[in-house]
Each structure stands twice: as structure tokens, then as C-alpha cells.
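Reader: Hi! I have a structure to go through with you, and I'd like to chat about it piece by piece. Shall we bring it up?

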Amino acid sequence: VNAGAAVPVSWYLLLAVALFAIGTVGALTRRNGISIFLSIEVMLNAANLALVAYSRQLDQRTGQILVFFVLAVAAAEAAVGLALFIAVFRQRRTIDVNRLNLMRH
Amino acid sequence: MEMAVFAVFGLLALASSLAVVAHKSPIYSTLNLVLTLFSVAVLFVLLGAPFIATLQLLIYAGAILVLFLFVIMLLNVGRDEGVPAGHRAQLAAALVGALVFAGMLWLLLRPALGTGPPPPPLGERLVSLSGLAQELFDEYLLPFEIVGLLLLVAVIGATVIARRPTPEELAAAAGAVPAAPAAPATAATPATPEVAAAAAAAGAATWPGEAAPSWAAWAPEAAGAAGGARPAAFRGGSAAKRGDGGGGGEAGATGAAGTGAPPPGATEPEERR
């Protein structure tokens with residue numbers, strides 16, 4: 001690898017870690033259910049980036065195939081999760097997770 | 001060249017993901033997430049995964065985020081105030097926790113990269129679509145089929161969870177109880193308030209919690225959208241759950257009609273009309 005041209009794979013991993021941390025902060029601090037969901041999508045994407053980076057490092061396609069499955073599962077998760085939010089919103093008129101505290105009492 | 005592209009889109013991904021997390025409005029968060037996904041897709045191309053990058057743009061940015069936007073608009077989600085004023089400690093704790101977590105993650109991931117030689121230059125093996133398809137449909141055929149099944153289940157589950165009960169179901173829920181005491185009610189007319197109360201109880205029992213006011217809010221829209229007999233039945237069902245006297249009679253009538261045995265001398269609807 002001639003320096004200056006190629007990017008070390010570890011930099012991609014570092015970026016993935018940073019994205020994952022940002023998503024974690026969002027999922028922990030937001031109150032709106034949909035914002036939490038979006039933060040979780042950021043975390044999923046960071047994991048995908050790490051998988052593709054490993055795939056590049058090891059020169060194997062398995063990581064890419066895993067990302068393919070992760071995408072499919074994320075699609076299913078988004079569909080069911082958003083349907084749940086719609087159902088919750090119909091019942092409670094809010095998706096503020098701080099007010100969905102039925103199990104606290 | 002590669003370094004420049006990585007720097008630009010890596011920083012773009014970081015900045016837009018920060019905006020996703022920090023922006024108060026979910027709509028802007030979603031649009032920033034589109035930018036994040038696009039940047040990460042460019043990084044996928046750099047890493048020799050053009051097919052995954054295409055999938056990311058098509059599925060994530062094209063389909064999932066449009067779904068998010070639709071739901072945000074459907075629910076009319078307001079601005080999120082973020083951390084409430086009294087809970088600054090929560091934000092600080094989340095930041096510290098995320099930093100510690102990221103450090104641990106880095107310590108975990110870095111050695112896994114190994115100290116071996118740097119990766120070989122991108123070749124046909126990693127980039128070619130036919131090779132990926134060969135492996136996907138050969139070695140990973142069963143997971144592929146299971147993913148298809150998973151998507152089917154997700155579609156059915158999402159439809160069942162998010163759908164609104166049909167007017168017939170509402171009428172049945174409201175009419176299940178009044179249908180039984182309908183015969184005594186014909187004999188003894190003063191029992192009418194009890195019937196209405198029973199209808200209200202049936203509604204409350206079937207759709208628990210705060211469902212009744214929410215349905216009252218949704219009902220006019222449905223009544224305007226649907227035509228024919230549906231609005232009448234729907235109105236009856238929702239009104240019965242509110243315990244409304246006028247609607248209760250109507251619900252009793254529709255419920256009895258639904259069971260196929262309308263009490264001939266059902267005096268209650270006669271009174272209301």
C-alpha cells in the first residue's frame with residue numbers, strides 16, 4: 001500500500017465506531033419514538049460499515065452477504081416498528097416514550 | 001483520490017448522523033439520515049461492495065425512509081424537545097456511556113483486524129456481482145429463503161397491527177353484549193339505560209385503555225371517507241363506546257342485525273328515531 005493513496009481499513013472501523021456511538025447517544029436521549037428509531041438505523045448502518053470493512057480486509061464476500069441479510073431484517077423491523085407506533089399513537093395520542101410508562105405503575 | 005473521497009464522505013456521514021441525533025424535528029432527522037446513508041453507500045463502493053451500496057440506496061433511502069416520512073406525516077409528530085430541562089444529567093450520562101462503549105468497541109474491533117499484511121488490491125473476487133450471487137444462492141440459500149419468509153411475516157404483522165378495526169368488528173364488539181339482553185329489553189322497556197351501559201362496557205372491555213376518545217377522534221374521518229352503510233355502523237360503534245345514549249341505541253340495532261336476530265319489538269331504536 002503506497003501511503004496517501006489507499007485508506008487503511010482501520011479508519012473505516014473507526015468511523016463505524018463513531019457512527020455507532022452517535023446512534024447510541026441518540027437512542028438514549030431522544031424522547032420521540034420515531035427519533036429513537038432513526039438513531040437505531042444509524043447504529044445498524046455503522047454495523048454494516050464495519051462488516052463491509054472486514055469483508056475488504058479479509059477479501060471475502062461473507063461480510064457483504066451478511067449486510068444483505070441485515071438490510072432485509074432492517075426492512076422488516078422498520079415495517080413492524082412503525083406499525084407499532086401507529087397502533088400506540090391511536091391508543092395514547094402520543095409516541096413520547098417518557099409518557100408510555102404503563103408498566104411503571 | 002481514495003483518501004480524499006473517504007475524508008469527504010466520512011466527515012459527511014459523521015456530520016449528518018450528528019444532525020440526525022440532534023435535530024428536534026423528526027422530518028429533518030429523517031432527511032439527514034438519507035444523507036448519512038448516501039455517504040455510507042459511497043464508502044461501501046470504496047470498500048469494493050457496489051452491490052451493497054446500490055441495495056442501501058434502493059432499500060434504505062428509497063423505501064424505508066419514505067416509510068418513515070409517511071408515518072411522521074400520518075402521525076403529525078411534533079417537535080421533540082430532546083432532553084427535558086430537569087434531566088441534563090441524562091444527556092451527560094448518555095454521552096459518557098457512549099464514549100466508554102465506543103472505546104470498548106474499538107479495543108474489541110481493532111485486534112480483530114489483525115496485524116497481517118494490508119488487504120490485497122480490489123479484485124474481481126470481491127467486486128463481481130456474479131460471484132456474490134453464486135455464493136448467496138449456493139452457500140446461503142436457506143437463509144435467503146428464510147429472509148423471504150421473514151419479510152412475509154413482517155408484512156402481515158404490520159398490516160394486522162396498524163389496521164383499524166372494521167365497522168363490522170366494532171359493531172360486533174358493541175353488539176355482542178346487547179344482543180343477549182335484547183329479549184328482556186323488549187319485555188321491559190325501562191331496561192334501556194342498562195343496555196346502553198352494557199354496550200359501553202363491551203366497547204371498553206374490547207378496546208381497553210384510552211381507546212374510546214381516540215376512536216371518537218378518528219371516527220369522523222372514516223365516516224367521511226367511507227360511503228353507504230359503513231359510516232352509520234361505524235358511528236354507532238364508536239358512539240356506543242363513548243357511552244353516548246343516542247349512539248348506543250344505534251349500535252344495539254346494528255349489533256342485533258349483525259347477529260341475524262333483530263328483536264322485532266326493539267323499542268329502543270324506535271324511541272330514538
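**Talking through the model**

Author: Happy to. Keep in mind that this is a predicted model. One place to begin is a helix face: on α7(B), the side turned away from the buried one carries the exposed residues Leu142(B), Leu149(B), Val153(B) and Val160(B).

Reader: And which residues of α7(B) are buried?

Author: Val147(B), Ala154(B), Ala158(B) and Ala162(B). They span an arc of only 20° around the axis, which puts them on the same side of α7(B).

Reader: Nice. Why would residues three or four places apart point the same way?

Author: An α-helix has 3.6 residues a turn, so residues at that spacing face the same way.

Reader: What do the buried residues of α7(B) pack against?

Author: They pack against α3 of chain A, residues 62-92.

Reader: OK, let's zoom out. How many helices and strands are there in chain B?

Author: Chain B has 14 helices and zero strands. Of its 273 residues, 38% are buried. Among its contacts with a separation of 6 or more, 62% are between residues 24 or more positions apart.

Reader: What about polar contact between chain B and chain A?

Author: The count is 10 residue pairs, both residues being at pLDDT 80 or more.

Reader: Where do Glu135(B) and Arg61(A) lie?

Author: Glu135(B) is in helix α6 of chain B, while Arg61(A) is in the loop between α2 and α3 of chain A, so the pair joins two chains.

Reader: Are Glu135(B) and Arg61(A) buried or exposed?

Author: Glu135(B) is buried, and Arg61(A) is buried as well.

Reader: And how many salt bridges over all chains?

Author: The count comes to three. Another one is the pair of Asp96(A) and Arg31(A), whose closest N and O atoms are 3.4 Å apart. Asp96(A) sits in the segment after α3 of chain A and Arg31(A) in the loop between α1 and α2 of chain A, so this pair ties together parts that are 65 residues apart in sequence.

Reader: Why does Asp96(A) count as buried?

Author: Its relative accessibility is 15%, and buried means under 20%. Arg31(A) is buried too, with a relative accessible area of 12%.

Reader: That leaves Arg163(B). What does Arg163(B) form a salt bridge with?

Author: With Glu169(B), the closest N and O atoms being 3.2 Å apart. Here Arg163(B) counts as partly exposed at 39% relative accessibility, and Glu169(B) counts as partly exposed at 33%.

Reader: Changing topic: how many residues of α1(A) are buried?

Author: 16 of its 21 residues are buried, so α1(A) is largely enclosed by the rest of the structure. Its length agrees with expectation as well: the 21 residues should span 30 Å at 1.5 Å a residue, and the end C-alpha atoms of α1(A) are 31 Å apart.

Reader: One last spot, Asn32(B). Which helix does Asn32(B) lie in?

Author: Asn32(B) lies in α2 of chain B, residues 26-46. Asn32(B) is buried, with a relative accessible area of 18%.

Reader: What is Asn32(B) in contact with, leaving aside its neighbours within four places in sequence?

Author: Asn32(B) is in contact with Ser16(B), Ala19(B) and Val20(B).

How values were computed. Residues are numbered from 1 along each chain as its sequence is written. Chains are lettered from A and ligands numbered from 1 in the order in which they are written. This is a predicted model: local features need pLDDT of at least 70, side-chain atom pairs count only at pLDDT 80 or more; totals for chains, interfaces and linings use all residues. Side-chain values use heavy atoms; hydrogens and water are left out. Buried means under 20% relative accessible area, exposed over 50%, partly exposed in between (1.4 Å probe, protein chains only). Helices (H or I, at least four residues) and strands (E, at least two) are DSSP runs, numbered from the N terminus. The arc is that of the directions from the helix axis to the C-beta atoms. Contact means heavy atoms within 4.5 Å. A polar contact is a pair of N or O atoms within 3.5 Å; within protein, one must be able to donate a hydrogen and the other to accept it, and residues adjacent in sequence count only if both atoms are side-chain atoms. A salt bridge is a side-chain nitrogen of Lys or Arg within 4 Å of a carboxyl oxygen of Asp or Glu. The expected span of a helix is 1.5 Å times one less than its number of residues.
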